[in-house]
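Let's take a walk through this chain, from its overall layout down to the side chains packed inside. Keep the 3D view open as you read.

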Amino acid sequence: MRGINEDSGEYLGPSRKQNRREALEVLSLADDLAALSENQLGKLPIPEGLLTHIADARRITSHIARKRQLAFLAKQMRRESDETLEAIRDAMDAGGTAARVETAQLHRAEAWRTRLLDDGDAALAELLDAYPEADRQRLRQLVRNALAERAKNKPPAAFRELFRELRGVFAAASLAAGEDAAAEEARLEDEADEPGNGDGDGDDAP
């Protein structure tokens with residue numbers, strides 16, 4: 001808990017800015033964990049109680065619902081000790097941060113490509129709900145071309161292009177999604193810090 005130096009009047013311990021930064025770092029870690037495959041998660045020292053919340057976040061494709069679940073996951077993670085979170089980060093960084101992020105992106109693109117080819121317009125509608133900035137016409141055309149290639153046993157040019165298109169969609173959306181989630185997390189942190197807010201549900205806090 002923070003205190004005040006009686007002589008200087010300065011705050012002792014972490015500042016609000018530092019607390020917010022640490023909260024956003026946990027939120028970023030939560031997002032990274034939700035992007036990993038089940039096999040990758042199984043190699044990390046994650047407490048059993050967190051795995052259920054991570055699994056929930058992995059299943060959600062709706063952009064808004066996923067953002068809320070990530071915020072909830074981050075809240076649960078902040079209840080863990082600093083040592084636990086550092087152990088998770090260290091294990092994730094063991095193979096290199098770039099490699100970890102790349103693997104997570106590959107997994108997400110592969111999963112969505114499979115869904116688009118298997119479920120057609122239903123999967124495309126769900127994808128566009130989660131990533132509204134995606135190019136509907138291009139994705140639909142690539143799916144049709146990839147299915148035609150498969151039916152005619154042609155080289156998988158469209159199949160590979162669909163994968164690249166999906167990776168581009170996720171890369172473009174991840175920044176905006178991360179900023180939105182970070183802003184929401186920061187708002188929640190501010191409300192929790194305001195006196196008299198109870199559970200932080202008040203929307204009229206100054």
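In what order do the elements of the chain run from the N terminus on? Keep in mind that this is a predicted model. The order is β-β-α-α-α-α-α-α-α-α-α, and the tally is nine helices and two strands.

Here are some whole-chain numbers to get your bearings.

| Property of the chain | Value |
|---|---|
| Buried residues, out of 206 residues | 32% |
| Contacts joining residues at least 24 apart, among those between residues at least 6 apart in sequence | 59% |
| Accessible surface | about 12600 Å² |
| Part of that surface belonging to carbon and sulfur atoms | 49% |

Now for the inside. In soluble globular proteins, nonpolar side chains tend to be buried together. Here the largest nonpolar core has 22 residues, and the ones touching the most other members are Leu-29, Leu-33, Leu-36, Ile-46, Met-77 and Met-92. Two or more residues each come from α1 (16-34), α3 (48-59), α4 (63-77) and α5 (82-93), with α1 giving the most, at six residues. There's also a second, separate core of 21 residues; Trp-112, Tyr-131, Leu-142 and Leu-166 are among its members.

Next, zoom in on α1 and α4. Their axes lie 9 Å apart, and the two helices pack at an angle of about 115° in a right-handed crossing. On the α1 side, the contact uses Val-26, Leu-27, Leu-29, Ala-30, Asp-31, Leu-33 and Ala-34, while α4 brings Arg-66, Leu-70, Ala-71, Leu-73, Ala-74 and Met-77. Sorted by type, that contact comes to eleven nonpolar residues, two charged and no polar ones.

Notes:
Residues are numbered from 1 along each chain as its sequence is written. This is a predicted model: local features need pLDDT of at least 70, side-chain atom pairs count only at pLDDT 80 or more; totals for chains, interfaces and linings use all residues. Side-chain values use heavy atoms; hydrogens and water are left out. A nonpolar core is a set of buried Ala, Val, Leu, Ile, Met, Phe, Trp, Tyr and Cys residues joined through side-chain atoms within 4.5 Å. Buried means under 20% relative accessible area, exposed over 50%, partly exposed in between (1.4 Å probe, protein chains only). Helices (H or I, at least four residues) and strands (E, at least two) are DSSP runs, numbered from the N terminus. Axes are lines fitted to C-alpha atoms, for helices over the stretch in contact, and angles run from 0 to 180 degrees between N-to-C directions. A crossing is left-handed if the near helix is turned anticlockwise from the far one by less than a right angle, and right-handed if clockwise. Contact means heavy atoms within 4.5 Å. Ala, Val, Leu, Ile, Met, Phe, Trp, Tyr, Cys and Pro count as nonpolar, Asp, Glu, Lys and Arg as charged, and the others, Gly among them, as polar. Accessible areas come from the Shrake-Rupley method with a 1.4 Å probe; for residues, only the protein chains shown count as cover.
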